[in-house]
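Visitor: I would be grateful for a close look at a single part of this molecule. Could you please take me through the site that its database record points out?

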Amino acid sequence: MKRRDFIKNTTITALSASVITPLAAMASENVTHFESDDLSPSASLKDEFNVHFMAIGDWGRNGEYDQTEVARQMGLWGAANPNDFVISVGDNFYPLGVISENDPLFHYSFENIYTAHSLQCNWYPVLGNHDWGADPLAQVRYSKVSRRWNMPSLYYKKEFSLGKTDKVLMLMIDTDPMLHDDKKQQVEEQMVWINEQLKNAGADVKWKMIIGHHPYYTVGPRIKNYDTLTIREKLAGIFEKYKIDVYLSGHDHSLQHLKPEGYTHQFISGAGSELTPVTSGIPYSKFEASEHGFMYFAINSNKLHVKAINMAGKVLYETTLTK
Ligand SMILES: [Fe+2]
């Protein structure tokens, strides 16, 4: 017998004795879990909702301006509450985006900040104005570097199941080009795409959400500036025509829930690091806070529940939209 065959046969014999026999003995018992199941306590958290996510915006500041403290609270929240993914509403990397998928800012402002186990879920980002400063497509390419960073293109669609029959549709859009006249062609292409997705939405789509960086209403510093008025002019008609339930954005650095005239609710979750002030007493504002924090959404067929949470973990505001 050659040496190689001897080793092979000896190994098989040893395996038979030490592994195969115990496995055979176990075969008669019920299998309770596969190895790939997540057995951590947070994985078994359940409530009446089918889809849960945190939304964070305007965060990428190397941990400064309380970015690290907000990230820590998101980690604690995700460990104590059911959570499926995180949406980033843009301005992911200040001051000028990233230059490539190897840019160190991915480590300084993302990987080494959002470190909690509960935040190792899928992240679905959109881009903000600051992200357009260097190479916007580098954030798309980073999806091939980081397992949790999921950005297939500058704008894209996600659908999530709400039980057996219903779905929530989310369009992740790229609002910054809408503010620049020299990008008319690419904006036109995106608008065609947005209209197509909404026109072709299935009858099983119970909730429609659009996620972009710039708000179409705000009670922050940009209440009447060019950005807000331009985005309103571009998107308000679409929101009304297709009965968009929620428009979720950032850009102003605060937490807000606004209900302007029309069908759509505007939520702003732009308090991931630096803060800017808000104005109280605006009739269409249901809630506004210039506090560091994030939002938490929980959705089922009949309810869309939203919480605004500050970096101390205090629920500042909560509301439920119903159908
Ligand atoms: Fe912004």
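**The annotated binding site**

Guide: In an unreviewed entry, UniProt lists Asp 91, Asn 129, His 213 and His 251 under "binding site". These residues are spread over 161 residues of sequence, yet they cluster in space, with a largest C-alpha distance of 8.3 Å. Please bear in mind that the model is predicted.

Let us begin with Asp 91. This residue is found in the loop that runs between strand E2 (85-88) and helix H3 (105-111). Asp 91 is buried, because 29 other C-beta atoms lie within 10 Å, and the cut-off for a buried residue is 20 or more. Leaving out residues up to four places away in sequence, Asp 91 touches Gly 57, Asp 58, Gly 60, Gly 128, Asn 129, His 130, Asp 131, His 213 and Gly 250.

We may now turn to His 213. Its place is in the loop between strand E6 (205-211) and helix H6 (226-241). His 213 also counts as buried, since it has 29 C-beta neighbours inside 10 Å. With residues up to four places away in sequence again set aside, the contacts of His 213 include Asp 91, Asn 129 and His 251. Other residues that His 213 touches include Val 89, Gly 90, Val 126, Leu 127, Gly 128, Thr 175, Asp 176, Ser 249 and Gly 250.

Technical notes: Residues are numbered from 1 along each chain as its sequence is written. This is a predicted model: local features need pLDDT of at least 70, side-chain atom pairs count only at pLDDT 80 or more; totals for chains, interfaces and linings use all residues. UniProt positions are given in the numbering used here, feature names are shortened, and annotations may be inferred rather than shown by experiment. Helices (H or I, at least four residues) and strands (E, at least two) are DSSP runs, numbered from the N terminus. A residue is buried if 20 or more other C-beta atoms lie within 10 Å of its own, exposed if 12 or fewer, and partly exposed in between; C-beta atoms are placed from the backbone. Two residues are in contact if their C-beta atoms, placed from the backbone, lie within 7 Å.
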